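Here are a few exercises to work through with the model open on your screen. Have a go at each one before you peek at the solution.

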Amino acid sequence: MDRWVGKVAVVTGTSSGIGAAIAKDLAKAGLVVVGFARRVERTEALKDELPTEAKERLHAVKCDVSKEEDILKSFKWVEEKFGGVDVLINNAGILRQTDLLEADNTQKLQEVLDTNVLGLVLCSREAYQSMKKRSVDGHIVHINSIAGHIVPNFPKMNIYSASKHAVTAITETMRNELRTAGTKIKVTSISPGGVRTEIVPEELLASDWPFLESEDISEAVLYVLGTPPRVQVHELTIKPVGEIL
């Protein structure tokens, strides 16, 4: 991780769960971390959980990644404040419980696509433009899901799995574009199984289903970022022991 010390990492969805864990661990590792979140006060509160020397490296920006104007404004702030982005962790994601064919659910379905798919693409676009302008060999990491490779038979997941399958395809499309452009920017998809976070329905959290913790995924992010410049981890799948999917 030494090559990233003092570099700038943008992490989306840092108000809780995986995003919060990643933001804290990257700040501890010496990166300047900008956490994008709708509940910006929660990201600010993460400083209380950091060692003194890492507190000043964590910055909170209010950003709803389902809104392009928020994304553009937030990346502009990062550029003006720190010069640009070296690492992007696309973590923000939502699940809206409804059946795919349920009546009057258009808004819920749209919210999932706007956040999980279009928000991820637009954040990646802005990060790439920043890296390209400064000739930075950066790294873009998508927090995907095993639901991006299979379709779990869970009720009320509706379009969530489709949104994560899109992330899998987008990762490969992005890799092709980065290679064609002659860059050495890396892109990695990390696909966890069940993780104990706010996105998981309470009834499932209360069951005997095995879960990973957010810190397990953050450690995976540190691993892929820490690989040598010649190494690109394309896909990293992480499941809790005992998971049947």
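**Exercise 1: a pocket lining**

The second largest pocket of this predicted model is lined by Val121, Ser124, Arg125, Tyr128, Gln129, Ile140, Ile170, Thr173, Met174, Glu177, Leu178 and Ala181. Work out which elements give two or more residues to this lining, and how the lining residues divide into nonpolar, polar and charged.

*Solution.* Start with the elements: helix H5 (106-133) and helix H6 (160-180) each give two or more residues to the lining. Next, sort by residue class, with Tyr counted as nonpolar. That gives seven nonpolar, three polar and two charged residues. As for size, the pocket's volume comes to about 250 Å³.

**Exercise 2: the sheet**

Find the strand order of the open sheet, and say which strands sit at its edges.

*Solution.* Trace the pairings across, and the seven strands come out as E3-E2-E1-E4-E5-E6-E7, paired in parallel. Strand E3 (58-62) and strand E7 (235-238) pair on one side only, which makes them the edge strands. Zoom in on one pair, and you'll see four bridges joining strand E4 (residues 87-90) to strand E5 (residues 139-143). Leucine 88 faces isoleucine 140 in E5, and Ile140 also turns up in the pocket lining.

**Exercise 3: helices on the sheet**

Which strands do helices H1 and H4 lie across?

*Solution.* Take helix H1 (residues 17-28): it lies across E1, E2, E3, E4 and E5, at about 170° to E1. Then take helix H4 (residues 68-82), which lies across E1, E2, E3 and E4, at about 160° to E2.

Conventions
Residues are numbered from 1 along each chain as its sequence is written. This is a predicted model: local features need pLDDT of at least 70, side-chain atom pairs count only at pLDDT 80 or more; totals for chains, interfaces and linings use all residues. Side-chain values use heavy atoms; hydrogens and water are left out. Two strands pair if DSSP finds at least two bridges between them. Contact means heavy atoms within 4.5 Å. Axes are lines fitted to C-alpha atoms, for helices over the stretch in contact, and angles run from 0 to 180 degrees between N-to-C directions. On a 1 Å grid over the protein atoms alone, a cavity is a set of points where a 1.4 Å probe fits but cannot get out, and a pocket is an open set with protein on both sides within 12 Å along at least five of seven lines; lining residues have an atom within 4 Å of a point. Grid points are joined across faces, edges and corners, and a volume is the space filled by probe spheres set on the points.
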